[in-house]
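Please keep the sequence and the 3D view open while going through the numbered points.

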Amino acid sequence: MKCRKCGGKGVINLRHHKLILCKEDFLEWMPEQVQRAIEKYHMFTPQERVLVAVSGGKDSLSLWDILTRLGYPADGLYIGLGIGGGVRYSEESLRLTEQFAQARGLQLHTVKVSEKYGLTVPEIAQRTHHGPTRPCSVCGRIKRHIMNQRAREGGYDVLVTGHNLDDEAAVLFGNTLNWAAGYLVRQGPVLEANIPGVVRKVKPLCRIYEREMAAYALLSGIEYIYDECPFAVGATSIYYKELLNRLEADHPGAKLNFYLTFLKAKKAGLFSAIADQGRQNLHPCPTCGQPTSVDGECAFCSMMDKVTSYRGSGY
Amino acid sequence: VLATRNGELIPEDEILNPGDVIKLVAVISGGSCR
């Protein structure tokens, strides 16, 4: 297996690109691909202030590394969820994230949910009866709220997340199976800040396979948390990823094609009517000011009200 | 998974030798939260 660029020893075969690369050329190729996505989807410029949401995993830490190599002045935001399990998940992921930031002299903001709201994510899920055994929806809601809030407070122009192609394809697959048009219309590489109170959100890794991200982290020597969140075991999204990987094994490029043709259909206006309807329904939450489509308080504030009343009841 | 040896990726056409110490690294991550 020889590198297509230099003829040296190839270490990775990118079948969907019909490209074999050695370590050095692969580590050069990856930032080029990320830069290409940033430009293609008009995500941000070197003059804008960038906040990267980092979890301690391979995708977000590699993304932060790549953005730094590309010369973008990117700060990090770590959200401590208070998830334990046998691997002390949150504790270990914070340690690795801090280690990464310190080694490179990068600015890291840390928000611990338990310090900010008095309870960890699993405790909030349990006390609000929102997924008492699997707090993933509560976790997502809290993270989205904090990410947008911290980006606004910090004066950042854009919030960057490490969602890779496999993440995007799995979400798209699930939403297509359910014809969840409301979710389909919102999925894309860029979520524009065209609503007051919302910071632009972008996904520069949306065209990069998860396998490539894992390879980049390994070959770059980035130490990341190998263990999975204990609540992710048996998650539907992982099942979808496995199904898509079987498809990809027989048809290299199938995942990328699935995602890119979806974006093309969306750009052609396939979901335009639904998008207009969704925008009309949005209004600022009277409590936190972030946009919401539900009457009254947003889902986050409504959930936190339940936490407050629960604590007030003497538990 | 990715197969590694001493922190380096093992090319898919490489034949392993008896005694080689191989580490398999999981690629898939993320749950409903992502």
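1. Across the interface of chain A and chain B, 8 residue pairs are in polar contact, with both residues of each pair at pLDDT 80 or more; please bear in mind that this is a predicted model. On the side of chain A that touches chain B, at least two residues each come from β1 (12–14), α2 (58–69), α6 (136–153), α7 (165–177), α9 (210–220) and α10 (236–250) of chain A. Of these, α9(A) gives the most, with 6 residues.

2. Sorted by class, the side of chain A that touches chain B holds 14 nonpolar, 7 polar and 13 charged residues. In terms of contacts, 34 residues of chain A meet 19 residues of chain B, and the two chains bury about 2200 Å² between them, 55% of it on carbon and sulfur atoms.

3. Between chain A and chain B there are 3 salt bridges, and one of them joins the side chains of Arg15(A) and Glu12(B), with 3.1 Å from N to O. The side chains of Arg15(A) and Glu12(B) also count as a polar contact, at 3.1 Å.

4. Where does Arg15(A) lie in chain A? Arg15(A) is found in the loop between β1 and β2 (19–21) of chain A, and, leaving aside residues up to four places away in sequence, Arg15(A) touches Pro252(A) and Glu12(B).

5. Is Arg15(A) buried, partly exposed or exposed? Its relative accessibility is 45%, and therefore Arg15(A) counts as partly exposed, since that class lies between under 20% for buried and over 50% for exposed.

Definitions and conventions:
Residues are numbered from 1 along each chain as its sequence is written. Chains are lettered from A and ligands numbered from 1 in the order in which they are written. This is a predicted model: local features need pLDDT of at least 70, side-chain atom pairs count only at pLDDT 80 or more; totals for chains, interfaces and linings use all residues. Side-chain values use heavy atoms; hydrogens and water are left out. Contact means heavy atoms within 4.5 Å. Buried area is the accessible area (1.4 Å probe) that two parts lose on being put together, summed over both. A salt bridge is a side-chain nitrogen of Lys or Arg within 4 Å of a carboxyl oxygen of Asp or Glu. A polar contact is a pair of N or O atoms within 3.5 Å; within protein, one must be able to donate a hydrogen and the other to accept it, and residues adjacent in sequence count only if both atoms are side-chain atoms. Helices (H or I, at least four residues) and strands (E, at least two) are DSSP runs, numbered from the N terminus. Ala, Val, Leu, Ile, Met, Phe, Trp, Tyr, Cys and Pro count as nonpolar, Asp, Glu, Lys and Arg as charged, and the others, Gly among them, as polar. Buried means under 20% relative accessible area, exposed over 50%, partly exposed in between (1.4 Å probe, protein chains only).
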